[in-house]
Amino acid sequence: MTDPPANAGPLLKVDNLVTHFPVKRGVFKHTVGQVKAVDGVSFELSRGETLGLVGESGCGKTTIGRTILRLIPATSGYVTFDGHDVFGLSAAEMKQMRRRMQIIFQDPVGSLNPRMTVGRIIGEPMQVHGIAKGAELADRVASLLKRVGLSADYANRYPHEFSGGQRQRIGIARALGLNPDFIVCDEPVSALDVSIQSQVLNLLNDLQEEFGLSYLFIAHNLAVVEHFCDRVAVMYLGRIVELADRDELYNNPLHPYTKALMSAVPTPDPAGKQERIMLLGDVPSPIVYDNPKYQLSSETDQTAHDVPAEAEAGVTYFERADLLDRPDLVEVPGRPGHWVSTHDIESMVA
């Protein structure tokens, strides 16, 4: 694996990424359709940048992160990391690449082996990659524990002896052990108490400044994303519908789905008036069947929904069925770096 020139373009480039999962039925488990988890996603990530990826549950956020790391096989598309074609690497080359690409999982309990001590959990990746062993490995584990705010004495304890926030710090220490350049943060604070979330976010921010890390930050909490990310991509049903710098997106959202998400964020002033957008109908299914009879029997009802008889004052109602058309992103005139999925950009910026 030949190293490309330093600082040649973005650190990570995702081009038309598609990840589908087969739907099987019958005794012989024939494939009758596909779950279109990720259906054509493209973006870039610069060195030292944090890109937030937001959207409802099931929109494909986690699948993108794991496909980039080749934990899930891609159906099509390309991922380029520092000039290397990730999907074209051999098993040996990918093992070498994993030293530079790591992940922090959402569940701080399930991501740690309960039968291994904390020292073995953090040290195992370094042993596998031949970075350290013996006394040197123990010293590196102790240093990592201290760096994430834990005592070096915790190396001999087991995961069940720690709180959720402490377990997530252990997961962060494990990800740092290989000195990566890029980390997928898969909702790293969503399972933690609010009082602990800010501590973990501050830790991640400090580590980014210290080591020059780049983050793909997957989250539901838009307030957390606004605080932590440089740019934000909004996903709906496997595709990005809007992408912009953080301040631009939060101050000037254009896509109806983005506006609906933003309007759901609670404000600290209960007396303050805020435009509220309600989406009518259920989230459509990402499953597409080969046989039309299966498709018709499984489709979410996308008929027109009546506005509730007792409509709330100041609330705008929008049909989810109108969001199913998700064309390619186009850059908004006069707003460099602000991209939105639309056929009619003039109507959105009017």
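This report describes the sheet, the aromatic pairs, the nonpolar cores and the salt bridges of one predicted model.

## Basis of the description

The model is predicted, so local features need pLDDT of at least 70 and side-chain atom pairs count only at pLDDT 80 or more, while totals for chains, interfaces and linings use all residues. Residues are numbered from 1 along each chain as its sequence is written, and side-chain values use heavy atoms, with hydrogens and water left out.

## The sheet

Helices (H or I, at least four residues) and strands (E, at least two) are DSSP runs, numbered from the N terminus. Two strands pair if DSSP finds at least two bridges between them. Strands of a sheet pair through backbone hydrogen bonds, either parallel or antiparallel.

Five strands make up an open sheet with antiparallel pairing, in the order E5-E4-E1-E2-E12. Its edge strands are E5 (84–85) and E12 (287–289), each of which pairs on one side only. Strand E1 (residues 12–25) and strand E2 (residues 30–45) are joined in the antiparallel sense over 12 bridges. Within this pairing, Val18 has Asp39 in E2 as its bridge partner.

## Gly77 in strand E4

Gly77 is a residue of strand E4. Its relative accessible area is 22%, so Gly77 is partly exposed; buried means under 20% relative accessible area, exposed over 50%, and partly exposed in between (1.4 Å probe, protein chains only).

Contact means heavy atoms within 4.5 Å. Not counting residues up to four places away in sequence, Gly77 touches Asp15, Asn16, Leu17 and Phe87. Between Gly77 and Val41 there are 36 residues of separation in sequence, and their C-alpha atoms are 8.6 Å apart in space.

## Aromatic pairs

Rings of Phe, Tyr and Trp (its six-membered ring) pair if their centres lie within 6.5 Å; planes under 30 degrees apart count as stacked, over 60 as edge-to-face and the rest as tilted. The structure contains five aromatic pairs. One of them is the tilted pair of Phe81 and Phe182, with 6.1 Å centre to centre and 45° between the planes. Phe81 belongs to strand E4 (residues 76–81) and Phe182 to strand E7 (residues 182–186), so this pair ties together parts that are 101 residues apart in sequence. Phe81 and Phe182 are both buried.

The ring centres of Phe217 and Phe228 are 4.8 Å apart and their planes stand at 45°, so this pair is tilted. Phe217 lies in strand E8 (residues 214–219) and Phe228 in helix H7 (residues 222–228); the pair therefore ties together parts that are 11 residues apart in sequence. Both Phe217 and Phe228 are buried. Ring pairs also link Tyr215 with Phe217 and Phe228 in a cluster.

## Nonpolar cores

In soluble globular proteins, nonpolar side chains tend to be buried together. A nonpolar core is a set of buried Ala, Val, Leu, Ile, Met, Phe, Trp, Tyr and Cys residues joined through side-chain atoms within 4.5 Å. The largest such core has 58 residues, and Ile122, Ile172 and Phe217 have the most contacts inside it. Leaving aside neighbours within four places in sequence, the residues in contact with Phe217 include Leu51, Leu53, Cys185, Leu201, Val224 and Phe228. A second, separate core of 30 residues includes Leu69, Val79, Leu216 and Ile240.

## Salt bridges

A salt bridge is a side-chain nitrogen of Lys or Arg within 4 Å of a carboxyl oxygen of Asp or Glu. The whole structure has 10 salt bridges. One of them joins the side chains of Arg66 and Asp186 (4.0 Å, N to O). Arg66 lies in helix H1 (residues 61–68) and Asp186 in strand E7, so the pair ties together parts that are 120 residues apart in sequence. Arg66 is partly exposed at 29% relative accessibility, whereas Asp186 is buried at 3%.

Arg246 and Asp247 form another salt bridge, with their closest N and O atoms 3.3 Å apart. The side chains of Arg335 and Glu248 also meet in a salt bridge (3.6 Å, N to O). This pair links distant parts of the chain, 87 residues apart: Arg335 is in the loop between strand E14 (329–331) and strand E15 (339–341), and Glu248 is in helix H8 (residues 246–251). Arg335 is partly exposed, at 25% relative accessible area, and Glu248 is partly exposed at 22% relative accessibility. Salt bridges with shared partners join Arg47, Asp82, Arg100 and Asp181 into one network.
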